[in-house]
Amino acid sequence: MKINVLASDVHTDFENIIVMATADGEPEFGECAIADKPLMLRVIEMGDFSGKRGSCLLVYGEDGRRWAMTGLGAADKINGRAWRAAAAAAQKKLAATGAISAALILPLDADVAEVAAGLTLSGYKYDDLISKKAAQGKHLEEVTLLLPEGADIASIEETLSLSAIHLAGTQRARDLMYAPGNIVNPDYLAAESMRIAAKSEGRVKTTVMNEAALAEGKFDALLAVGRGSVNDSHLVIMEYTPHLEEIPEKTVVLVGKGVTFDTGGISLKPVALMEEMKYDMGGAAAVLGLFHALSKLDLPVRVIGLVPTVENMPGSQAYRPGDVIVSRSGLSIEVISTDAEGRVIMADALDYASKWEPDLLIDLATLTGATVVGLGHECAGMMSNEKGAAFEEALKVAGEKVGERVWSLPMFEEYGELIKSDVADMKNSGGRYGGGIAAGKFLQRFADHAPWIHLDIAGTAYLGKEREHNPKGGNGFGVRLLLEFLENFN
Ligand code: BES
Ligand code: MN
Ligand code: ZN
């Protein structure tokens, strides 16, 4: 979507116009020359439009214009989420009429980045594989923000161009998530990382380790999980260096779980909703989407992205329950369930991350159903080691701002007992209770070389139904969160 700006005190001939209003308040017209104030006030007086957050009503003026009145909710509770939800609701409502462009009367106090996010992200539709695409009505292609008097045009334009880069990162992550497992396999993720590097003007360097290189490097845990699949496993390594005079001091390493399809392996999953396991590369999608954005930005931090990527399939070569695998770090893992595969591949990648002596190590993984049970779809589960805990607050703040929330779970030593094994250094499943934390404790054994944060995004990476600015399906969770966090990391 293209977002333009225009001063609002001039007459324009837009046919579709978005007006934002708070609950119980008046619509925010500012000095807008074209505003049909009597019409809106009549609608509100008649009680047809409440201004409730995310509600949207279309009304038609005598001059032939279509007005989308969209709700910000209670005036004393306006935050980023309100701006996003109001913009998203209007975008969807207008797009459904077949409209392709609109103007939006921007209130002076609007959070421009979140308005842009609502407009852009709510218009996402994956239709690459539909042969007869809808010609119109998919989403608005162009929105012109009508700026109020006193608005700082230069800073709004700057915000918009930066947001466009961030949002394109999220959309790219979504594309990767939506595309099915027969298209997005480990080779595809590796190729995608190369495409991102190729268009980065030298900011991003990609290396792909194939199975031979992984064997050479003793990534035996990662390799074990991928053995049941005909598709080769990989470790994708992306290194970001901004175009800045001074070399950044700090290094952040990000690891994203890239299971391109998770059948459960020999511990086969039940039929119901197994198709959703194409989203089990949501962590990888977040890292790749982030690098898509980084490839166009110069942030003063060095970022390394690691994507261990495999397909978890049953087969005659597949790893089995009861197997003991010696991971890259030397720690041995007893396989209780081949469906607890994410932590097994992440183990080798987290261990490998020590090569960069990270100032911070963050992993993102659709790791456990237990976290979805505990937290639902409102936030990702956040766990950390002692040195990583100091970064939790900043991640919470970033997540709240962009609408990708994270929340802390405890990491008491005692939880480590859940994964004690009789035959190996640890086992890969600790049973049902505390399952999200047991997985975190497992990862910690491989991540303790650095300050470390683990984000279990199983409940937030994709949604079973459309909501606010997110479509049904993969939503690119993590891209905006990490960009917001990294922008303030130093
Ligand atoms: N990919 C799944 C976790 C998952 C579940 C993601 C639901 C998104 C939605 C993971 O590989 C898995 O299967 N975890 C098991 C672990 C168990 C066997 C210890 C789980 O959560 O059931
Ligand atoms: Mn699994
Ligand atoms: Zn999985």
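Predicted model: local features only at pLDDT ≥ 70, side-chain atom pairs only at ≥ 80, totals over all residues.
Local features need pLDDT of at least 70 and side-chain atom pairs pLDDT 80 or more, while totals for chains, interfaces and linings use all residues. Residues are numbered from 1 along each chain as its sequence is written, chains are lettered from A and ligands numbered from 1 in the order written, and side-chain values use heavy atoms, with hydrogens and water left out.

The manganese ion (ligand 2) is held at 2.0 to 2.2 Å by Asp262 (OD), Asp339 (O and OD) and Glu341 (OE). Donors here are N, O and S atoms within 2.8 Å of the metal (3.2 Å for Na, K and Ca), and sites may look incomplete because water is not among the atoms. Along the chain, the donors of this manganese ion are spaced D-x76-D-x1-E. The arrangement comes out as irregular because the six donor atoms subtend angles of 71 to 167°; six donors count as octahedral if opposite ones are over 155 degrees apart and all others between 65 and 115.

As for accessibility, Glu341 is buried at 1% relative accessible area, whereas Asp339 is partly exposed at 24% (buried is under 20%, exposed over 50%, partly exposed in between; 1.4 Å probe, protein chains only).

Turning to Ser8, this residue is also buried, at 4% relative accessibility. Contacts of Ser8 (heavy atoms within 4.5 Å), leaving out residues up to four places away in sequence, include Glu31, Cys32, Ala33, Leu146, Leu147 and Pro148.

Notes:
Tetrahedral: all angles 85-135°; square planar, octahedral: opposite > 155°, others 65-115°.
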